[in-house]
Every structure is written in C-alpha cells, then in structure tokens.
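My entries follow in the order I made them.

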Amino acid sequence: MEHGGQPLRWLPGDLPIFVWLDPNLTEAWLDAWAWARQQYNKLVGFELFASGLIPTDAAPMPDPENLPDGAAWIRMGGPDMPKTHAHTMHTYARETGRIKSALVEVPDIDEKETQRGVMVHGLGHVLGLDHDEQRASIMYPVLQQRPQTVTEADIERLRKHYKRG
C-alpha cells in the first residue's frame with residue numbers, strides 16, 4: 001500500500017504491533033488470530049505481532065476509531081458486512097507512510113479454514129501489504145481463489161517491505 005509514493009509500513013520501533021481483540025469475536029476467530037499471528041511471526045523470523053488482548057474492566061479498550069500509535073484492533077463487522085472479505089483501515093503519517101494504527105473488521109462466518117485465510121489476509125493489510133495479482137499469494141483479492149496460508153512469496157514480500165532478510 002502506498003500514499004503519495006511512500007509505502008505504508010510500521011517503523012521498526014513500532015514492532016511488534018500490539019493487537020486489541022474484540023470481546024465479541026468467537027472462539028473460532030480468536031483461534032484464527034492466534035494461528036495467523038504464529039504464521040507471520042514464525043515464517044518471517046521476527047515478531048510482527050504481539051499477543052492480543054481482550055479488553056476487560058481492568059484493561060479497557062481505547063476508542064477503536066482513535067487507537068494509540070502502534071496498535072491494531074480486530075473486531076466483528078456489522079450485520080450488513082459481506083461474508084466474503086474483511087475490511088482494513090489505517091491511520092498513517094502522510095509525509096512518511098508510517099502506519100500509526102490499524103483496524104480490521106471480520107465477517108460473521110463459521111468455516112475454520114476460511115476464517116484463517118481471512119485473518120491472514122487482513123493481517124497482511126495491517127502490515128501494509130496491498131493486493132497481489134498472483135493467485136499463489138495470500139494477498140490475492142479473491143478469497144475462494146487464493147491459498148489460505150502465508151506462502152514463501154508472501155514472506156519474501158514482507159521481508160523486502162520491512163527491509164529484512
């Protein structure tokens with residue numbers, strides 16, 4: 001993803017990204033989050049995502065529309081959200097492309113493999129990756145025609161994006 005020719009990315013000091021998890025996420029979505037987090041962290045070889053936190057009275061959730069820098073929020077989408085994809089939004093510095101925070105809304109679906117694929121794809125957007133026209137990429141835009149896991153090509157793209165490896 002770019003803005004004004006600047007690639008959108010988190011700065012090294014912003015990693016790992018702290019993730020708030022919507023208390024309305026189902027157990028299956030929480031499992032998909034944990035699996036996707038592990039995929040990225042293990043395969044890339046450095047920690048992109050910190051463990052997630054479900055808000056409680058002791059640790060309340062900040063306003064999802066005004067997240068603190070260095071944080072992402074994964075929440076259930078509304079009832080009108082299509083069941084075919086997630087939505088990802090960023091706040092970022094226009095001058096540098098530095099991502100400050102991100103919000104992912106996931107659809108109300110129950111299929112485990114689809115949830116994993118949607119979560120990995122959505123987290124790719126959180127990291128600043130745009131859609132890829134290669135069907136072998138998790139960032140291919142059509143859910144039913146892409147792999148449901150991170151591929152070596154996706155990992156190389158992330159390493160280049162973050163200038164590691």
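**Salt bridges**

I began with arginine 159, which forms a salt bridge with glutamate 152; the closest N and O atoms are 3.8 Å apart. A salt bridge here is a side-chain nitrogen of Lys or Arg within 4 Å of a carboxyl oxygen of Asp or Glu. Glutamate 152 counts as exposed, at 53% relative accessibility. For relative accessible area, buried means under 20%, exposed over 50%, and partly exposed in between (1.4 Å probe, protein chains only).

I noted the ground rules next. This is a predicted model, so local features need pLDDT of at least 70 and side-chain atom pairs count only at pLDDT 80 or more, while totals for chains, interfaces and linings use all residues. Residues are numbered from 1 along each chain as its sequence is written, and side-chain values use heavy atoms, with hydrogens and water left out.

How many salt bridges does the structure hold? I find 8. Glutamate 47 pairs with arginine 37 in one of them, with the closest N and O atoms 3.3 Å apart. Glutamate 47 sits in the loop between α1 and β4 (49-53), arginine 37 in helix α1, and the two are 10 residues apart. Helices (H or I, at least four residues) and strands (E, at least two) are DSSP runs, numbered from the N terminus. Glutamate 47 is partly exposed, at 40% relative accessibility.

Arginine 157 forms a salt bridge with aspartate 132, the closest N and O atoms again given as 3.3 Å apart. Arginine 157 lies in helix α3 and aspartate 132 in the loop between α2 (112-126) and α3, so this pair ties together parts 25 residues apart in sequence. Is aspartate 132 buried or exposed? Aspartate 132 counts as buried, at 17% relative accessibility. Arginine 157 is partly exposed, with a relative accessible area of 23%.

**Helix α1 against α3**

I moved on to packing. Helix α1 (residues 27-44) and helix α3 (residues 152-161) pack at an angle of about 70 degrees, their axes 10 Å apart. Axes are lines fitted to C-alpha atoms, for helices over the stretch in contact, and angles run from 0 to 180 degrees between N-to-C directions. α1 and α3 are therefore roughly perpendicular to each other. The classes are: under 35 degrees roughly parallel, over 145 roughly antiparallel, 65 to 115 roughly perpendicular, the rest oblique.

The crossing of α1 and α3 is right-handed. A crossing is right-handed if the near helix is turned clockwise from the far one by less than a right angle, and left-handed if anticlockwise.

Which residues meet? Tyr40, Leu43 and Val44 in α1 meet Ile155, Leu158 and Arg159 in α3. By class, this contact of α1 with α3 has 5 nonpolar, no polar and 1 charged residues. Ala, Val, Leu, Ile, Met, Phe, Trp, Tyr, Cys and Pro count as nonpolar, Asp, Glu, Lys and Arg as charged, and the others, Gly among them, as polar. Contact means heavy atoms within 4.5 Å.

**Helix α1 against α2**

The axes of α1 and α2 come within 9 Å and cross at roughly 55 degrees. α1 and α2 are therefore oblique to each other. I logged this crossing as right-handed. On the α1 side I listed residues including Trp29, Trp33, Arg37 and Tyr40; they meet α2 residues, among them Arg116, Met119 and Leu123. The contact of α1 with α2 divides into 11 nonpolar, 2 polar and 2 charged residues.

**Single residues**

Tryptophan 20 lies in strand β3 (residues 17-21). Tryptophan 20 counts as buried, at 9% relative accessibility. Leaving aside neighbours within four places in sequence, tryptophan 20 is in contact with residues including Leu53, Pro55, Met61, Leu67 and Trp73.

I then checked threonine 114 in helix α2. At 17% relative accessibility, threonine 114 counts as buried. Beyond four places in sequence, threonine 114 is in contact with Ile109, Leu143 and Gln148.

Threonine 91 is in strand β6 (residues 87-92). Threonine 91 is partly exposed, with a relative accessible area of 37%. Outside four places in sequence, threonine 91 is in contact with Arg98, Ile99, Lys100 and Ser101.

My last stop was proline 16, in the loop between β2 (6-7) and β3. The peptide bond from leucine 15 to proline 16 is cis, with omega near 0 degrees. Most peptide bonds are trans.
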